[in-house]
Amino acid sequence: MLSTAAIAQWQWLDADGRKVFSDRAPPPSIPDKNILKRPGGARVAPTLANQDSPEAAAGLPAATPSSAPKISGVDKELADKKKKAEQEEAAKRKAEEDKLAKAKTENCTRAKQAKTSYDSGVRIAHVNKQGEREIIDDATRAAESKRIQAIIDADCK
């Protein structure tokens with residue numbers, strides 16, 4: 001019968017290249033590529049062809065490219081969520097810009113119509129606080145025309 005100590009053995013190459021067998025882990029000075037067997041029967045035998053691969057350097061068996069998932073260091077799900085959040089933020093900004101542009105266009109149209117009315121010379125009346133109708137005098141007409149022109153300058157570009 002085999003004892004459990006025989007199953008839980010380590011094998012590694014020491015600094016002189018000799019095989020060492022032990023029931024304890026190798027010292028930290030032994031690189032992973034020199035560990036040949038770990039407890040539990042996991043054999044790691046570096047081959048000359050795969051010595052330069054990252055798996056051989058880590059003491060892991062060489063895997064075929066199709067059998068092992070590629071680890072890029074980036075969480076794909078997190079990246080997708082971040083990208084989606086950025087797209088939503090960009091869509092919100094675009095909607096707000098479109099809303100502001102539409103309001104400016106509407107203000108421009110109304111201001112141009114009002115400017116045409118004030119420049120035509122036709123009498124214009126306002127309703128005062130008491131609800132009475134008042135005809136605008138020339139000074140008020142000029143001030144209102146100037147205010148409308150400022151709106152046109154700001155919104156009609």
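## The disulfide

With 125° about the S-S bond, the link between C108 and C156 is right-handed. The two sulfurs sit 1.7 Å apart, and a disulfide here is a pair of cysteine sulfur atoms within 2.5 Å. By that rule the count comes to one disulfide. C108 lies in helix 3 (residues 76–119) and C156 in the segment after helix 4 (138–155), so the pair ties together parts that are 48 residues apart in sequence.

## What you're looking at

This is a predicted model, where local features need pLDDT of at least 70, side-chain atom pairs count only at pLDDT 80 or more, and totals for chains, interfaces and linings use all residues. Residues are numbered from 1 along each chain as its sequence is written, and side-chain values use heavy atoms, with hydrogens and water left out.

The protein's secondary structure comes to four helices and six strands. Reading from the N terminus, the elements go α-β-β-β-β-α-α-β-β-α. Both kinds are DSSP runs numbered from the N terminus: helices are H or I with at least four residues, strands are E with at least two.

Of the 157 residues in the protein, 17% are buried. The accessible surface comes to about 12800 Å², and carbon and sulfur atoms account for 55% of that. Those areas come from the Shrake-Rupley method with a 1.4 Å probe; for residues, only the protein chains shown count as cover. As for contacts (heavy atoms within 4.5 Å), take those between residues at least 6 apart in sequence: 35% of them join residues at least 24 apart.

## The nonpolar core

Which residues make up the largest nonpolar core? There are six in all: A111, Y118, I124, I136, I148 and I152. A core of this kind is a set of buried Ala, Val, Leu, Ile, Met, Phe, Trp, Tyr and Cys residues joined through side-chain atoms within 4.5 Å. Helix 3 and helix 4 are the elements that give two or more residues to this core.

Leaving out residues up to four places away in sequence, I136 touches Y118, I124, H126 and R141.

Strand 1 (residues 10–13) and strand 2 (residues 19–22) run antiparallel, joined by four bridges. Two strands pair if DSSP finds at least two bridges between them. L13 has K19 of strand 2 as its bridge partner. The two strands form a hairpin with five residues between them, and G17 in the turn has a positive phi of about 90°. Strand 1 also runs antiparallel to strand 3 (residues 35–38), with two bridges between them; W12 stands opposite I35 in strand 3.

R24 lies in the loop between strand 2 and strand 3 and counts as exposed, at 64% relative accessibility. Residues up to four places away in sequence aside, R24 touches W10 and W12. The C-alpha atoms of R24 and Q9 are separated by 7.2 Å, with the two residues 15 apart along the chain.

## Salt bridges

Side chains of opposite charge can pair when their charged atoms come close. The rule used is a side-chain nitrogen of Lys or Arg within 4 Å of a carboxyl oxygen of Asp or Glu, and the count comes to eight salt bridges. One of them joins R18 and D16, at 3.2 Å from N to O. Both R18 and D16 are exposed. A network of salt bridges links D14, D16 and R18.

K94 is partly exposed at 48% relative accessibility, and D98 is partly exposed at 41%.

R110 and E106 make another salt bridge, with the closest N and O atoms 3.2 Å apart. Again both residues lie in helix 3, four residues apart, about one turn of the helix. R110 is exposed, at 55% relative accessible area, whereas E106 is partly exposed, at 41%.

Key: Buried means under 20% relative accessible area, exposed over 50%, partly exposed in between (1.4 Å probe, protein chains only).
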